[in-house]
Amino acid sequence: MTDTARTARAGIPERPTLDGLEETWARRWQEEGTYAFDRSKERADVYAIDTPPPTVSGELHMGHVFSYTHTDTVARFQRMRGRTVFYPMGWDDNGLPTERRVQNVYAVRCDPALPYDPVWRPPATPVSDEARKNPTPISRRNFIELCERLTVADEQVFEALWRRLGLSVDWTLTYTTIGRAARAASQRAFVRNLARGEAYQAEAPTLWDVGFGTAVAQAELEDRERPGAYHRLRFTGGDGRDLLIDTTRPELLPACVALVCHPDDERYADVVGSSARSPLFDVEVPVHAHPLADPAKGTGLVMVCTFGDLTDVTWWRELRLQTRVVIGRDGRLLPEPPAGVPAQPYAALAGQTVAGARREIVGMLADAGDLVGEPRPIIHPVKFYERGDRPLEIVSTRQWYLRNGGRDPELRERLLARGRELHWVPEHMRHRYDHWVSGLTGDWLVSRQRYFGVPVPVWYRLDDAGEPVWSQPLTPDESALPVDPSTDPPPGYDESQRGRPGGFVGDPDVLDTWATSSLTPQIVGGWETDPDLFARVFPMDLRPQGHDIIRTWLFATVVRSHLEHGVLPWRDAELSGWILDPDRKKMSKSKGNVVTPMALLEQHGSDAVRYWAANGKPGMDLAFDPAQIKIGRRLATKLLNASKFALGLGAADALRAAATEPLDRAMLAELSGVVTAATTAFEAYDHTAALLATEAFFWRFCDDYIELVKERAYGTGAGADSARAALATALSVQLRLFAPVLPYVTEEVWSWWRYGSVHRAPWPTTYEVGRAIEGAGDPELLRLAGDALSQVRRAKSERKLSMRAEVPLAEALGPAALLEKLTLISDDLRAAGRIGTLDLLPDRTTELVIASAF
């Protein structure tokens, strides 16, 4: 394969340099299709990667470089092992991150009530802070066009960085999660989920982000520590007894539907089954016992509101309580009180924000004597949408759900079994999957009240009164996908019937971005559109991703593949860790501590940055360390210069000759062990171990072996021929061992003396190395020679002499067997150390000692 490719040998440059390699080789790789997927291969010869599509909503940072480099080392290794690698790149460009970026960049907001304006043009950027505070309302279609425009520009920047980094992606396989193929696949899967009863619609308590105005799923929650206060309220029992409760949300008092205590709490045993009356509103509420109540928390008696938190939802559902919703989707208290709550005390709260209503009702309770003591300040965890900046509320809305085992024990067990079937790298990451699946409390909420996303492909028939018939959704034929129910009519209807009694209305929502991203294997694999390709790549071999999105991307993809295909979507999952700043904190855009990579790539070179990234093992966090990048630069430079030196000795013409001298055979024997170690490590997705083994040998090769044999290699005869043959094999093998991590410098050196691309060359084998050794090789000889040479060098250094200084006499002391081995390489040692006479004094010491006399 290597010698039949189009790329000709370039010859050794007079002054090799790392500068400019990225531009040269990125262009050549693209022109020559070096990383093109060969779809004529059978499935057994394909290695398919389900590449993470990065979110196109800002800048890539070093965390992206870290994890995507890991994936690229896998792709390059598998390609050199003879597989055709299916390595696509996608852009995750739909959803809230893109919407927020468009809003910030152009100072606009979407108003679906506005008509489309075909002549509207966005303002020049950058816009002012004042414009952002007063954004221009535009129609949904105008807003979506603006999202599409910005994502195209962002994707070009992202692609340029990935190409600079040297990702061996087949760029003809690029896709976007808002593109036509992705929309069709996402809608097709949803329609099939609906037909099988796996997708359903329900009016239910919903986690709601007030700032974004949309529902969010359990997997998108995060706890943030926030200041709050406990307020002690006085309820009145049926017998006139004071029943005290502690709450951090007194503003939800009009939404109270019960009091709850633990079944074993003897303090309230006599009131369980009775009722109490709420302060201010004098509403009668039942008193129940439930095991989720904590007797040690507060007074042990809890106010259940609809809805203050997820536990309230559990109590509401399991105790079959009434519903009294007081907070609307805008985060304000509703203008009218819920049924059964008197209007007069509620009027002071109507229309207020949560914070305003809290202040108001605390004052009212204090005035009424129903606030016991002063509020007690606390710091407590509050639930947020992971991308939001305001605490979540729970409101009652109609949403679409997908069954994921949260309410189906049998499905949950099947999905847990899928987790055990999957090969995890590292293995302990499976526990996060198990913990998440076992702790699910509800099904996956997949609808979102946003704009730039894949539309829910559903319409509803309107009855004679013009009300939607929710129980009979209308769905499209798969051949019509993708559709947009806001502009396309359903089958059997025309546009004139939209919004009219007896006609139809389109579902206004879009699907959660994970509902599309969870189908990346199907989208890029040509599910239902390219059966031949799909059969060659699905199920895929590898899912690389961050460990923090096991609960979202990984689990969601397993759910979709299990429901649709009855199999895992891939065989292996490789999890990467986080990048930490110098203070050991996770780098993230939200924390403001990220380092953007392009300047580092330009300053140090892509190979140097990749070297830093490859020093992080799968699943392990890695601190950002510019010093490590400099070490990578030094390694790449050394590889360049050592290769020039070896080739300058004539190694290129001795490639297939055999090494006959003991030291040459010893070096190659040790290299054979490195090949085994690196291959085993790469097969186990341990690129770090592979790099460490290769790098450690390389420095011994440069510092010891080359120094020991260069005098002999300069000469003529069998000894010189052996040295050049060993140098050729060693250089060829090491270039390929380094290639997955250092693609640019290895390709550059390979081009000096070999045909084709190093990245299409076969991965080195122990058989290949062994074939270059005449007889057997003893790796111990190389270590012995290196030890002896280092002692001679140290003696010169201590006397502040040049390494080229002559040593008239050196004495070698040590065990007789050791010195007998030393005689095999004594000529090379004397030449490298410039030793006139080397005397061997056996059994004088227990270890090798080289005493130099000057």
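Helices (H or I, at least four residues) and strands (E, at least two) are DSSP runs, numbered from the N terminus. The views below come from a predicted model, in which local features need pLDDT of at least 70, side-chain atom pairs count only at pLDDT 80 or more, and totals for chains, interfaces and linings use all residues. Residues are numbered from 1 along each chain as its sequence is written, and side-chain values use heavy atoms, with hydrogens and water left out.

**View 1. The whole chain.** Start with the overall picture: 26 helices and 30 strands, with C-alpha atoms filling a box of roughly 110 × 65 × 55 Å along the principal axes. Of the 854 residues, 56% count as buried (buried means under 20% relative accessible area, exposed over 50%, partly exposed in between; 1.4 Å probe, protein chains only). A contact here means heavy atoms within 4.5 Å. Among contacts with a separation of 6 or more, 79% are between residues 24 or more positions apart. As for charge, the chain carries 100 positive and 117 negative side chains, and the centres of the two sets lie 3 Å apart. For that tally, Lys and Arg count as positive and Asp and Glu as negative, while His and the chain ends are not counted; each charge is placed at NZ of Lys, CZ of Arg, CG of Asp or CD of Glu.

**View 2. D246 and its two arginine partners, R232 and R376.** D246 sits in strand β10, residues 242-247, and counts as buried because its relative accessible area is 11%. Its side chain makes a polar contact of 2.7 Å with the side chain of R232 and another, of 3.1 Å, with that of R376. A polar contact is a pair of N or O atoms within 3.5 Å; within protein, one must be able to donate a hydrogen and the other to accept it, and residues adjacent in sequence count only if both atoms are side-chain atoms. Leaving out residues up to four places away in sequence, D246 also touches others, including Y230, H231, G298, T299 and L301.

**View 3. Two cis peptide bonds, at T306-F307 and V425-P426.** Most peptide bonds are trans, so here are two spots to look at. The bond from T306 to F307 has omega near 5°, and F307 lies in the loop between β14 (302-305) and α7 (310-318). The bond joining V425 and P426 has omega of about -5°; P426 is in the loop between β17 (423-425) and α11 (430-438).

**View 4. Positive phi at K800 and D843.** Most residues other than glycine have a negative phi. K800 has phi near 55°, in the loop between α24 (779-798) and β28 (807-814), and counts as exposed because its relative accessibility is 76%. D843 has phi of about 60°, in the loop between β29 (835-842) and β30 (849-853); at 58% relative accessibility, D843 is exposed too.

View 5. Beyond four places in sequence, L822 touches L784, A788, A812, L829, L840, L848 and I850.
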